[in-house]
Amino acid sequence: MQVSRRGFFKVCAAGMSGSSLVAMGFAPTAALAEVRTFKLARTTETRNTCPYCSVGCGIIMYSLGDGAKNVHASIMHIEGDPDHPVNRGTLCPKGAGLLDFVHSKNRLKYPEVREPGSKEWKRITWDEAFSRIANLLKEDRDVNFVARNDDGVTVNRWLTTGFLAASASSNESGYITHKVVRSLGMLAFDNQARV
Amino acid sequence: MALQSLDIAKRSATSTESPQARKTPQVAKLIDVSQCIGCKACQVACMQWNDLRDEVGNCAGTYDNPRDLTDQSWTVMRYAEVETERGLEWLIRKDGCMHCEDPGCLKACPSPGAIVKYSNGIVDFHQENCIGCGYCVTGCPFNVPRISKKDSKAYKCTLCSDRVAVGLEPACVKVCPTGCISFGTKEDMHERAEERVAELKERGFTNAGLYDPAGVGGTHVMYVLHHADKPGLYSGLPADPAISPTVSLWKGITKPLAMAGIAAAALGGLFHYVMKGPNDVSKEIEAEVDKELEGEK
């Protein structure tokens, strides 16, 4: 590019006057600034319970769209539920990071089975999973249930199978789980109170 | 551009004061260091709200993770093991932007509107105006802003200005499970701090106090410290932070001096033009030069 002597001076003068104007506060941009747009304004709010530990904190899941027919809702933010008596909006670091747990590639979304001797996890349907569990429980209980002990005292116990219940169950589901498990005679019964 | 939801009190590289037609209450975040268990829920909530995900780092033998503030981690927990007269103490401080009343970053910033201070006290960066020069990093008395390697813009805690603008509390405040972080008007936070300081003193922390440093005009993020006489114990919290004299000089006296210099040069040029006129080459000199050139040939 060829710049003449005259052109060079023109450019210099324009640059100097421009920068002087800015330095004196006559900025060319409008004196406006806006905060980032509130990202939850029209999301759908759904209440839920944090799935991690037995504290059972209330959460609100914010999902994309307003539930209209053509919208595929996707959770885009999760926060503590301020109206929940357990946590009143607070969460632990794991609960605070639930969004990444929901969208994790490693998240288990359907029942899988690894049969004895196999190295592979095989996807099965919920019906298959329930039937399989029920059949295996019954088989084992039919063989190993102890109605009376050696002294002839009624004990009704089933020692060969254990049950690990969920942590974030409500009182009602906890009560029912307890009734079902104990009425089967199962003694090894615990809950996963922490993760 | 949408209408402003918050009035602007100060604006970087702008010498004219922003007129403030509306009065908004001054907000503040109070971090009671004595109640913090270092769970990092605030760090996670910050990333979730602001759509940030830092790279997975490595362990340096402490719980500090990440080890420093980054453009993706606007707040980090700093864990300090210190020996005091009470024995070994584990002092955990949530580090991040202090939202100074007199922000060093804003003073140092040369780009108009890249850093603004809203009338409610929040200091916010506007990346669309940021030129990535890094002056804010130098200007900050707390070493908080970080330049992103992806877009070369400066980032730091916004005090969730988007949440506060619609009447919500910042994400870290909401999530805190021990109630160590609280949020409200600056006045209410002062009252809350007084209560906590009194409680701590009762429990034997005679030097407990509030950290709201006057050197930067007070801050909108304040700490309750059990050792307020020695803020340095808390991973190097400055005892008396102030804007660096270099920044004050450069943006203070140097600017009008330089302006005067530019004006004097322009004025001098004008006077020269009026008195001496354009620098013409006289006909005699031209003839002489022509003669010399002919002689060379």
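Which residue of S2(A) does A:Glu45 stand opposite? The legends below take this predicted model one close-up at a time, and the opening view holds the reply.

**View 1. The antiparallel sheet of chain A, strand by strand.** Let us start with the pairing: A:Glu45 stands opposite A:Tyr62 in S2(A). Strand S1 (residues 44-49) of chain A joins strand S2 (residues 58-63) of chain A in the antiparallel sense, and six bridges link the two. On to the next pair: S2(A) and S3(A) are also antiparallel, with five bridges.

**View 2. The whole antiparallel sheet of chain A, with its two edges.** Seen as a unit, this is an open sheet of three strands in the order S1-S2-S3 (chain A), with antiparallel pairing. S1 and S3 of chain A are the edge strands; each has a single partner strand, so one side of each has no neighbour in the sheet. From one strand to the next, the twist averages 25°.

View 3. For the parallel part, look at strand S7 (residues 154-165) of chain A, which pairs with S8(A) over five bridges. A handy landmark is A:Phe163, standing opposite A:Phe189 in S8(A).

**View 4. Confidence along chain A.** The average pLDDT of chain A is 89, and 90% of the residues score at least 70. Which elements of chain A have the lowest and the highest mean pLDDT? The lowest belongs to helix H1 (residues 5-23) of chain A, at 73, and the highest to strand S3 (residues 75-80) of chain A, at 97. A friendly word of caution for any such view: where pLDDT is low, the predicted coordinates should not be read in detail.

**View 5. Chain B as a whole.** Moving to the other chain, we find nine helices and eleven strands in chain B. The C-alpha trace of chain B spans about 100 × 50 × 40 Å along its principal axes. Its radius of gyration is 27 Å, whereas a compact globule of 297 residues would have one near 19 Å. Of the 297 residues in chain B, 42% are buried. Among contacts in chain B with a separation of 6 or more, 62% join residues 24 or more positions apart.

**View 6. The largest nonpolar core and B:Cys109.** This core has 81 residues, and those touching the most other members are B:Ala41, B:Ala45, B:Cys109, B:Ile115, B:Cys172 and B:Val175. Helix H1 (residues 41-49) of chain B gives the most to the core, with seven residues. Centre the view on B:Cys109 and, leaving aside neighbours within four places in sequence, its contacts include B:Ser12, B:Ala13, B:Tyr135 and B:Cys136.

**View 7. The surroundings of B:Gly104.** B:Gly104 sits in helix H2 (residues 104-108) of chain B. Is B:Gly104 buried or exposed? B:Gly104 counts as buried because it has 27 C-beta neighbours inside 10 Å, the cut-off being 20 or more. Beyond neighbours within four places in sequence, the contacts of B:Gly104 include B:Gly139, B:Cys140, B:Pro141 and B:Val216. B:Val247 is another of these contacts; B:Gly104 and B:Val247 lie 143 residues apart in sequence, yet 7.9 Å apart in space, C-alpha to C-alpha.

View 8. In the loop between strand S1 (8-11) and strand S2 (27-32) of chain B, B:Ala13 has a phi near 50°, a positive value in a residue other than glycine. With 21 C-beta neighbours inside 10 Å, B:Ala13 is buried. B:Leu159 is likewise not a glycine and has a positive phi of about 55°; its place is the loop between strand S8 (154-155) and helix H4 (161-165) of chain B. B:Leu159 is buried too, as it has 29 C-beta neighbours inside 10 Å. Lastly, the peptide bond from B:Asn65 to B:Pro66 is cis, with omega near 0°, and B:Pro66 is in the loop between H1 and strand S3 (75-84) of chain B.

Methods:
Residues numbered from 1 in each chain as written. Chains lettered and ligands numbered in written order. Predicted model: local features only at pLDDT ≥ 70, side-chain atom pairs only at ≥ 80, totals over all residues. pLDDT = per-residue confidence, 0-100. Helix = DSSP H or I, 4+ residues; strand = E, 2+ residues; numbered from the N terminus. Pairing = 2+ DSSP bridges. Rg over C-alpha atoms; globule rule 2.2 N^0.38 Å. Buried ≥ 20, exposed ≤ 12 C-beta atoms within 10 Å, placed from the backbone. Contact = placed C-beta atoms within 7 Å. Core = buried A, V, L, I, M, F, W, Y, C linked by C-beta atoms within 7 Å. Axes fitted to C-alpha atoms, helices over the stretch in contact; angles between N-to-C directions.
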